[in-house]
Amino acid sequence: DGPLAGKHILVTSGPTHEPIDPVRYIANRSSGAQGTSIARALVALGAHVTFVTGPADVAPPDGVTLVQVETAQQMLQAVETALPADAAIFAAAVADWRVASASGSKIKKRKGTLPTLEFAENPDILARVAQMPSGRPRLVVGFAAETDDVVAHATAKRQRKGCDWIVANDVSPATGIMGGSENAVVLISDAGVEEWPRMSKADVAMRLADKIATALTV
Ligand code: C5P
């Protein structure tokens, strides 16, 4: 029931963990709070949500098809498996790089030598889906966490990635947004730039879900 009944929406959330060896990893900071709230709001509007999440701090929402992954490569695989979808919302903080050849055994600490890590670039999941030659979701939404020139960077990112909307926020430490319960976002679409007032992540999610419902039902 609800305006999104019969719609399939894919949501990515949380960080990815990229192993260095079996006990160590590199990752982005991400609690998964905003992505989880968005999935919950979409479910409340009646959508069938596939929720692809990395190892987040917050519990996944109820009522979704849950796919738990560790790495960016696994996340891409899970996203490709979950398609087709009417909309895809990329709220995950995907690590840009992985360790090129993760060690199968724990790297030992040795006196006088330091390990050197070589990186490989991870796939850009959002860009891949946004630029799919066929079967692209009707609405593709990306996020941009910026610390300066939020609108300029996010506008450029929307162009580069080929997504329909970018939800941008200022994650400078002073804002307390990263890991906090509130968010202040700017929504960038072909209609222009919309600045939303600071509100709870749950309210950002509900407002975004309403806009998604409108976009998918016109
Ligand atoms: O390029 P940047 O990481 O700042 O872009 C952020 C947006 O791109 C987010 O929506 C994020 O989920 C998505 N992304 C992705 N795969 C990556 C990197 C970012 O889906 N490898």
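## The second largest pocket

The second largest pocket has a volume of about 170 Å³. Here a pocket is an open set of points on a 1 Å grid over the protein atoms alone, where a 1.4 Å probe fits, with protein on both sides within 12 Å along at least five of seven lines. Grid points are joined across faces, edges and corners, and the volume is the space filled by probe spheres set on the points. Its lining, meaning residues with an atom within 4 Å of a point, consists of I20, R24, I107, K108, K109, R110, T113, L114, P115 and L117. By class, that lining has 5 nonpolar, 1 polar and 4 charged residues. Ala, Val, Leu, Ile, Met, Phe, Trp, Tyr, Cys and Pro count as nonpolar, Asp, Glu, Lys and Arg as charged, and the others, Gly among them, as polar.

## A note on the model

This is a predicted model, in which local features need pLDDT of at least 70 and side-chain atom pairs count only at pLDDT 80 or more, while totals for chains, interfaces and linings use all residues. Residues are numbered from 1 along each chain as its sequence is written, and side-chain values use heavy atoms, with hydrogens and water left out.

The largest pocket holds about 1100 Å³ of space. Among its 40 lining residues, N28, A92, A93, V94 and A145 are the closest to its centre. The lining has 20 nonpolar, 12 polar and 8 charged residues.

What takes up the space of the largest pocket? The ligand does; a molecule sits in a pocket if more than half of its atoms lie within 2 Å of the grid points. Around the ligand are F90, A92, V94, P123, D124, I125, L126, G142, F143, K157 and K161, where a residue is near if one of its heavy atoms lies within 4 Å. This shell has 7 nonpolar, 1 polar and 3 charged residues.

Now for the polar contacts (pairs of N or O atoms within 3.5 Å). A ligand oxygen is 2.4 Å from a side-chain N or O atom of K157, and an oxygen of the ligand is 2.9 Å from such an atom of K161. At P123, a polar backbone atom is 2.8 Å from a ligand nitrogen.

## Two backbone details

L83 and P84 are joined by a cis peptide bond, with omega about 10°. D149, a residue other than glycine, has a positive phi near 45°.

Key. A polar contact is a pair of N or O atoms within 3.5 Å; within protein, one must be able to donate a hydrogen and the other to accept it, and residues adjacent in sequence count only if both atoms are side-chain atoms.
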